[in-house]
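Please read the model below with its two chains side by side. The report moves from one chain to the contact and then to the other chain.

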Amino acid sequence: MEAFFEGIGRLIAQYEQQNILNLIYLVILMIFVGVELISHVPSVLHTPLMSGANAIHGVVLIGAIIVMGNASPDDTLSLVFGTLAVFVGTLNVIGGFVVTDRMLEMFKKKPKGEKAS
Amino acid sequence: MMPYMEIGYLIGSVSFVVGLKMMGQPDSARKGNLVAAFGMAMAVIAALFFNSQGYHVINNLSYILIAIVAGTVIGTLMAKRVQMTAMPEMVSLFNGMGGLSAALISIIEWRHLLHEAVNPERMSNMPVVTVGMYIPVIAGLIIGTISFVGSIVAWGKLNGKIGDFRFPSQQIINAVVLVAILGVAYLNYGEFNATQSSLYFYLTIGLAVVYGLLFVFPIGGADMPVVISLLNSFTGVAAACGGFLYENKVMLMGGVLVGSAGTILTVVMCKAMNRSLMNVLIGMAGGNGGGSSSSASGGSVREVQGTDVAIMMKYASKVIIVPGYGLAVAQAQHVCHELENLLEAEGVDVKYAIHPVAGRMPGHMNVLLAESNVEYDKLIEMEHINPEFATTDVVLVVGANDVVNPAAKTDPASPIYGMPILDVDQAKQIVVLKRSMKAGYAGIENELFFHPKCGMLFGDAKASLQKLVNEVKAL
């Protein structure tokens, strides 16, 4: 048990070194924000919302861009994988937002949304 | 010097939160989506052209731009061309792409780390791969792979390319595979001194693929929305792993936001279907239990003719339409709206009863019916419409099954027992439009069809509705 806590302590120290502890705070806060945002949504909007969230996690594209930026030009395998990662990441972003927009387009001219579940 | 990169990422992060918030309200939903898209564009531009020192063109820019342009063109075409009914599988497919992207990033980073390990210039007293770096890399790889494979299976299942597939002690095997993944990933960390990817690394990928398959294969279509939503949040977590790796706050915030919002959305859906998330997680969902529920098929079914139904509805004062997946597959939403208009012109009060999980995704029916210009306030959610069935003359069930199955209330052995349903049996007359007597998505019989008040009108939903429209016109 003691070893376990020691291990955790070492991990935290390591994280502190890498300035990652800040990020962990950020994670915890964002979890609450995410829960808050979704909890009071009428079920009508669940599908578009899922689709919108789907587009947002396309932010992984940024990671793909960074990884490509770090890849050395003679590491062919990394370049191939990286290009593919950028491509599918873009698919996720663009496809996600366009599909969501198409869904929501249909909600436009309704007379005042009433009742939330 | 202006911190353009930070500003770009900040705009991105804030707009995700604001956008998601706006998407939660019908009035601002569309704008919210655009806000989030704008923020994404800002963040991407920041990543492409700036670093913490200012303007800086990233390496390999030409490859990146080609990939982005190709992705934009193909993504737009796919998203624009897809039929409204096929929306759920499209979302699943795009989700899988995000997972794949996360997994590929991890693979490259792992290669990168190994490369660093053999670099003679590195300080020998520093550990090559710290736990702090290893966890996000390997977690991104595992979660991204599971999400990718699972989403592709879900996509295949929803468009009918892949059937259900179950085998005994599925849950135990799933759990074993999950533990094995973690074990192998741990062993892989021990191998970081190797100059090449070890067997453990490939084994981790392989097992994650297997888990992705096992995770989604046994799950019946009724639970598919839950699974897609869950995989959606998985991909969010995978993206957040990238955020940790690069200490990139926009990835972290976007990823965690989707991870937590997606999980809550999943839980909300589970509640609507009265399933525990745990059951879905270990692959128990999909109604393979029960078994005794087929005993109800004692009675006989009454088949009705279109003419009778048309007369019944035309002279009714109140009709409630219960749409289901059958409406979606038959593309019958426009005919349905036409029928509604005809009946309204005859002075009949027509409403739609929307079960939270009708169709393949929550809100699926709303989207479909909104497409054919059905007024928003005619779509009534379950808890508001249920008291109205008692005063309703005719209930028209169009391709819905499990959501009107009384077994959810009466038969504790039924897999859907406890799921809230639409109380259609309270109405004076029930007409069910259905292709055949085949069981619904949960794979169980529906006693409702044997109810004395219930008449069956067999055929494709669109053809049947068209028939009704013609009959009502002719009367």
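Predicted model: local features only at pLDDT ≥ 70, side-chain atom pairs only at ≥ 80, totals over all residues.

**Chain A**

Chain A has five helices and zero strands. Along the sequence the pattern reads α-α-α-α-α. Of the 117 residues in chain A, 54% are buried. Residues 24 or more positions apart account for 67% of them.

One helix pair can be described in detail. Helix 3 of chain A (residues 46-56) packs against helix 5 of chain A (residues 76-105). The angle is about 160°, and the axes are 8 Å apart. Angles over 145 degrees count as roughly antiparallel. Helix 3 of chain A is therefore roughly antiparallel to helix 5 of chain A. The crossing of helix 3 of chain A past helix 5 of chain A is left-handed.

Which residues make this contact? Helix 3 of chain A supplies T47(A), P48(A), S51(A), G52(A), N54(A) and A55(A). Helix 5 of chain A supplies V93(A), G96(A), F97(A), V99(A), T100(A), M103(A) and L104(A). By class, the residues of this contact between helix 3 and helix 5 of chain A are seven nonpolar, six polar and no charged.

**Where chain A meets chain B**

The contact between the chains takes 84 residues from chain A and 95 residues from chain B. On the side of chain A that touches chain B, the elements giving two or more residues are helix 1 (2-17), helix 2 (21-39), helix 3, helix 4 (60-70) and helix 5 of chain A. Which element gives the most to that side? Helix 5 of chain A does, with 27 residues. By class, the side of chain A that touches chain B has 50 nonpolar, 27 polar and seven charged residues.

**Two residues of chain B**

M90(B) lies in helix 4 of chain B (residues 87-117). A79(B) lies in helix 3 of chain B (residues 61-81). Is M90(B) buried or exposed? M90(B) is buried, because 25 other C-beta atoms lie within 10 Å. A79(B) counts as buried too, because it has 24 C-beta neighbours inside 10 Å. The cut-off for buried is 20 or more.

The contacts below leave aside neighbours within four places in sequence. M90(B) is in contact with V99(A), A79(B) and V82(B). A79(B) is in contact with G95(A), V98(A), V99(A), R102(A) and M90(B).

Two C-alpha separations set sequence beside space.

| Pair | Apart in sequence | C-alpha to C-alpha |
|---|---|---|
| M90(B) and M78(B) | 12 residues | 8.4 Å |
| A79(B) and D425(B) | 346 residues | 40 Å |

**The sheet of chain B**

Chain B holds an open sheet of six strands in the order 5-4-3-6-7-8, with parallel pairing. Which strands form its edges? Strand 5 (379-381) and strand 8 (454-458) of chain B do, and each pairs on one side only. Neighbouring strands of the sheet are turned by 25° against each other on average, direction ignored.

Helix 14 of chain B (residues 364-371) packs on the sheet. Helix 14 touches strand 3 (318-323), strand 4 (349-354) and strand 5 of chain B. Its direction makes about 145° with that of strand 4 of chain B.

Strand 6 of chain B (residues 394-398) pairs with strand 7 of chain B (residues 429-434) in the parallel sense, over five bridges. In this pairing V397(B) stands opposite V432(B) in strand 7 of chain B. Strand 6 of chain B also pairs with strand 3 of chain B in the parallel sense, over five bridges. There P323(B) stands opposite V398(B) in strand 6 of chain B.

How many residues of strand 6 of chain B are buried? Five of its five residues are buried, and the strand is mostly covered. Both faces of strand 6 of chain B are covered. On one side V394(B), L396(B) and V398(B) are buried, and on the other V395(B) and V397(B) are buried.

Notes: Residues numbered from 1 in each chain as written. Chains lettered and ligands numbered in written order. Pairing = 2+ DSSP bridges. Helix = DSSP H or I, 4+ residues; strand = E, 2+ residues; numbered from the N terminus. Axes fitted to C-alpha atoms, helices over the stretch in contact; angles between N-to-C directions. Contact = placed C-beta atoms within 7 Å. Buried ≥ 20, exposed ≤ 12 C-beta atoms within 10 Å, placed from the backbone. Parallel < 35°, antiparallel > 145°, perpendicular 65-115°, else oblique. Left-handed = near helix turned anticlockwise from the far one by under 90°. Nonpolar A, V, L, I, M, F, W, Y, C, P; charged D, E, K, R; others polar.
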